[in-house]
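Subject: Structure handover and notes

Dear colleague,

I am passing on the structure we spoke about, and my notes come after it. Please read them with the coordinates open.

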Amino acid sequence: MPVAVPPTLTPLSYDYVQETKENLEWAELVTVDLGDIDTPEGKQRQAKVLIDALRIKGFFYVKNFNISQDRVSRQFAIGNAFYNLPLEEKLKYVPDLENGEYNGYRPAGRRVIEESSGLTDRVEVFNMPKFNGYFDQAYPQLIKDHIVEIEEFARSLHSEVLDHLFVLLAIALELPENYFVDLHKYEQKSEDHLRYMKYGKYTPEENKKLGGLWGRGHTDLGSFTLLFRQPVAALQIKDHTDGQWRWVKPQDATLTVNACDALSLLTGGYVKSTIHRVATPPRDQQHVDRLGLLYFARPKNDLKLATVAESPVLQREGFSKNDFEAGGYDVPTMEEWTYAKQKWQQSRGSYKDKKDAVILPGFKGQFFD
């Protein structure tokens, strides 16, 4: 249920940018309808939609997820207010980024994204872990003032979205319905987090130097990433079928969801981790910053990321080993995988410095043009 805002707090609001009028090459993505899962037949239909989306495109939309636009807009408003805080206040909440910690504030400018000019990223990130007693996270007063509704919103993403997607995934893999739900319970210690994310704008001259990219192609490290509708067009996906980059269109009343590394490892590559990047927005949107609201779902920390041998589908299709298993390397736990990849991602340097670096024995870091 929506949480009432205390009357003593300053009202927050956020005005969404107008959608672009440019004719972009949009990706053709399917939509998983959570309004169609009240019957066994509906679950089977949507499980088929989900697994085809994961195998063919990697990104998909979700609709009818029982979270109102007002609640989503409140989170954008809080995120916007956070980024309007003085830099010196935000810097009080920077974790040990070089060693893979990530909850708290990550300032812009840590990565050189165009070497000849020395232009660095203008991405700010604020991550909030699960509110389940395992994480002692410090917050500025602004976040403390709204922590009740932030927690309620984060928990609802599990009960109203993720649990349903995990049930559909289990059905598609012919596993017990609660198989993946049990690996992602909110009460368990895991590295899930809610994120407010800001991409600061560049000048037209700087955008030319960047060659149309604000961030190189990459994959996320968890299970599913939930992205709430952001009208500033910038997200692009690399199509599994033809390798072409296409824009992801913001759709009203939907979430955009992508598959991540942990699902790829757990399914031996049957589910592919989606390669995506952030492009320079179209010309009619380059004058504004881009605010994002995301949730990163990850399995419980002590889970070994070995291929799910119990799945009849994976057995029939021959997906029995992930990259670690096929190479004879130790299979990491989700916690080990998270901190190793975060350390690689967050360390200072350029894309060139990071490319093909060994994240863990058996797995190298990759960026994609």
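The notes below cover a helix pair, one asparagine and an annotated domain.

This is a predicted model, in which local features need pLDDT of at least 70 and side-chain atom pairs count only at pLDDT 80 or more, while totals for chains, interfaces and linings use all residues. Residues are numbered from 1 along each chain as its sequence is written, and side-chain values use heavy atoms, with hydrogens and water left out.

Helix H1 (residues 40-56) packs against helix H5 (residues 147-172) at an angle of about 85 degrees, the axes being 8 Å apart, which makes H1 roughly perpendicular to H5 (65 to 115 degrees). The contact (heavy atoms within 4.5 Å) involves Lys-43, Gln-44, Gln-46, Ala-47, Leu-50, Ile-51 and Leu-54 of H1, together with Leu-165, Leu-168, Leu-169, Ile-171 and Ala-172 of H5.

Asn-322 sits in the loop between helix H9 (312-317) and helix H10 (323-326), and it counts as buried because its relative accessibility is 2% (buried means under 20% relative accessible area, with a 1.4 Å probe and protein chains only). A polar atom of the Asn-322 side chain lies 3.0 Å from the backbone nitrogen of Phe-324; leaving aside neighbours within four places in sequence, Asn-322 is in contact with Leu-265, Gly-268, Leu-305, Ala-306 and Thr-307.

Finally, an unreviewed UniProt entry lists residues 198-297 as "domain: Isopenicillin N synthase-like Fe(2+) 2OG dioxygenase", an annotation that may be inferred rather than shown by experiment. The end C-alpha atoms of residues 198-297 are 20 Å apart, and the span is 13% helix and 37% strand (DSSP runs, with helices H or I of at least four residues and strands E of at least two).

Best regards

Methods:
Axes fitted to C-alpha atoms, helices over the stretch in contact; angles between N-to-C directions. Parallel < 35°, antiparallel > 145°, perpendicular 65-115°, else oblique. Buried < 20%, exposed > 50% of the residue type's maximum accessible area, 1.4 Å probe, protein only. Polar contact = N/O pair within 3.5 Å; in protein donor to acceptor, adjacent residues only side chain to side chain.
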